[in-house]
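Have a look at it first, then try each task before reading its solution.

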Amino acid sequence: MPLYTTQPLKIYNSLSGEKENFNPIHEGNVGMYVCGPTVYSNVHLGNVRTFMSFDVIFRYFLHLDYKVRYVRNITDVGHIVDDVDEGEDKIAKKARLEQLEPMEVVQRYTVDFHDILKSFNFLPPSIEPTATGHIIEQIEIIKKIIDTGIGYKANGSVYFDVVKYNETNNYGVLSGRNIEDMLANTRDLDGQSDKRNPQDFALWKKAEPEHIMRWPSPWSDGFPGWHLECTAMSTKYLGNHFDIHGGGMDLKFPHHECEIAQNEACTGQSPVNYWMHANMLTLNGKKMAKSTGNNILPGEILSGDNNILSKAFSASVTRFFMLQAHYRSILDFSDDAIVAAEKGYKRLMEAVDALPVISAGATSSIDIASWKQLCYDAMNDDFNTPILIAQLFEAVRYINLLKEGKETITAEDLATFATAINAFVFDVLGLSDEKAADSNNDKLEGVVNMLIGMRNQARADKNFALSDQIRDQLIALGIQLKDGKDGTTFSV
Ligand code: AMP
Ligand code: ZN
């Protein structure tokens with residue numbers, strides 16, 4: 001029986017403002033779309049936090065035996081500086097400043113994004129589509145919105161008429177805003193713009209002659225508006241109506257609000273059952289952001305090369321630090337907080353490493369089944385990782401008592417206990433046991449040094465066939481020997 005049948009899950013839905021029972025559209029399947037990065041610079045730790053929140057959510061669905069299609073896009077066109085409609089594309093701007101082809105910018109920062117996520121032990125999404133790879137789909141959606149009368153053409157661009165849309169729908173349904181207030185609080189267009197109303201947003205923008213990112217369309221050579229790509233890619237891979245859409249809290253308005261409007265206008269239905277928003281990582285009490293420079297890069301944490309932290313911290317410690325907060329809470333990054341997280345992480349891993357030395361007895365004095373259910377209860381309550389971690393520290397306490405012989409456990413309970421701890425620590429939270437990895441590295445070093453010794457002996461015996469064979473076979477395994485005046489060293 002799949003685990004999800006016995007572990008009912010509640011998700012906080014930003015649309016209703018309430019925790020709701022999770023009922024997928026297709027039993028046993030989850031379709032989840034998460035807005036990915038705009039690849040015009042290195043991801044900072046704030047971005048990593050949002051993607052990590054959804055990595056854990058993805059992992060927990062998998063743990064519950066759901067079949068998950070997780071789509072996380074790459075924004076490689078259409079995101080204008082300052083998130084507005086007029087101005088320069090973030091990627092085109094970077095390309096101009098660095099004298100690169102825009103796709104060189106995209107490639108560089110997509111590779112960086114993947115490297116960072118890998119170092120933090122993220123699972124790859126099922127599909128990672130790009131906005132530039134879906135221009136045709138975006139043009140088709142614009143045509144449909146124009147056909148409904150809600151999209152209008154102006155000087156080669158196409159805009160979405162929010163006021164007209166609001167006559168039959170509710171623009172502001174997600175963010176709780178109301179169109180009259182929005183209009184009252186924005187300056188008049190004064191004939192400065194092609195838009196009918198200041199709140200209208202671009203579906204297609206005509207490219208100025210100097211704009212290098214451009215595609216042909218029925219309206220002009222131009223480029224799609226930022227909100228459109230996510231409508232195109234989510235519905236292409238998950239259907240017009242899917243389970244979960246996520247992103248950082250700052251995307252709720254206007255990005256996600258506009259996505260809902262585009263879908264409603266195009267298909268007549270609201271696209272998403274559960275809207276999920278991850279809260280911000282702050283530094284010095286202010287949102288980490290690329291634009292303000294108030295941020296720290298993941299690489300700067302791992303290397304210790306920064307002026308915020310007292311030393312370097314590992315990816316697992318950083319991950320543990322972030323998961324100690326619930327994904328909907330603001331989290332402030334500081335040296336004290338990550339130092340404390342490192343202590344906690346080490347204590348947890350020491351206990352996990354001690355599991356194999358615990359011996360079973362005839363009876364159990366600890367109620368393992370209840371403890372395990374409390375771990376599930378935490379995650380079933382809108383993915384509450386801090387409560388799960390608190391339960392894992394309860395397990396650390398049990399392990400220490402068992403080691404001291406102050407509690408007892410049967411073989412069957414011990415197996416259940418160890419399986420559950422490993423599942424929650426490694427599969428669900430995605431932590432890695434760095435000591436175990438270090439110990440494997442020590443073993444590798446020992447084996448290679450032994451082979452270096454054998455190669456030295458073969459050379460002394462003038463058995464060059466053997467010494468070359470050792471060197472070549474190590475190269476084939478990706479291990480390079482370097483002979484120097486102080487002896488032979490190696491690199492992997
Ligand atoms: P961007 O590359 O700017 O489109 O952002 C990628 C993701 O990171 C989006 O989901 C943002 O909401 C999220 N994000 C940006 N800044 C922060 C932050 N300080 N803390 C958490 N998430 C953030
Ligand atoms: Zn998006």
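This is a predicted model: local features need pLDDT of at least 70, side-chain atom pairs count only at pLDDT 80 or more; totals for chains, interfaces and linings use all residues.

Residues are numbered from 1 along each chain as its sequence is written, while chains are lettered from A and ligands numbered from 1 in the order in which they are written.

**Exercise 1.** Find the domains of the chain.

Solution. Start with the assignment: it gives domain 1 (3–278), domain 2 (282–428) and domain 3 (434–491), with bounds from an automatic or database domain assignment. Next, take the centres over C-alpha atoms: those of domain 2 and domain 3 are 37 Å apart.

**Exercise 2.** Work out which residues come nearest to ligand 1, and which domains supply its shell.

Solution. First, pick out the nearest of the 16 residues around ligand 1: Gly46, Thr50, Gly248, Leu281 and Met288. (A residue counts as near if its C-beta atom, placed from the backbone, lies within 6 Å.) Then check the elements: helix 1 and strand 9 (242–248) each give two or more residues, and helix 1 has the largest share, with four. (Helices are DSSP runs of H or I, at least four residues, and strands are runs of E, at least two, numbered from the N terminus.) Finally, domain 1 and domain 2 each supply at least three residues of the shell.

**Exercise 3.** Describe how helix 2 (residues 90–98) packs on helix 3 (residues 102–119).

Solution. Begin with what you need: two packed helices are described by the angle between their axes and the distance between the axes. Here the axes come within 8 Å and cross at roughly 105°. That makes helix 2 roughly perpendicular to helix 3, a label that covers 65 to 115 degrees. Now for the contact: helix 2 brings Ile91, Ala92, Lys94 and Ala95, and helix 3 brings Pro102, Val105 and Val106. (Contact means C-beta atoms, placed from the backbone, within 7 Å.)

**Exercise 4.** Which residues does UniProt list for "binding site", and why can they be said to gather at one spot?

Solution. Look up the record: the unreviewed UniProt entry lists Cys35, Cys230, His255 and Glu259, though such annotations may be inferred rather than shown by experiment. Then compare sequence with space: they span 225 residues in sequence, yet no two of their C-alpha atoms are more than 11.3 Å apart, so they gather at one spot.

Definitions and conventions. Axes are lines fitted to C-alpha atoms, for helices over the stretch in contact, and angles run from 0 to 180 degrees between N-to-C directions. Angles under 35 degrees count as roughly parallel, over 145 as roughly antiparallel, 65 to 115 as roughly perpendicular and the rest as oblique. Two residues are in contact if their C-beta atoms, placed from the backbone, lie within 7 Å.
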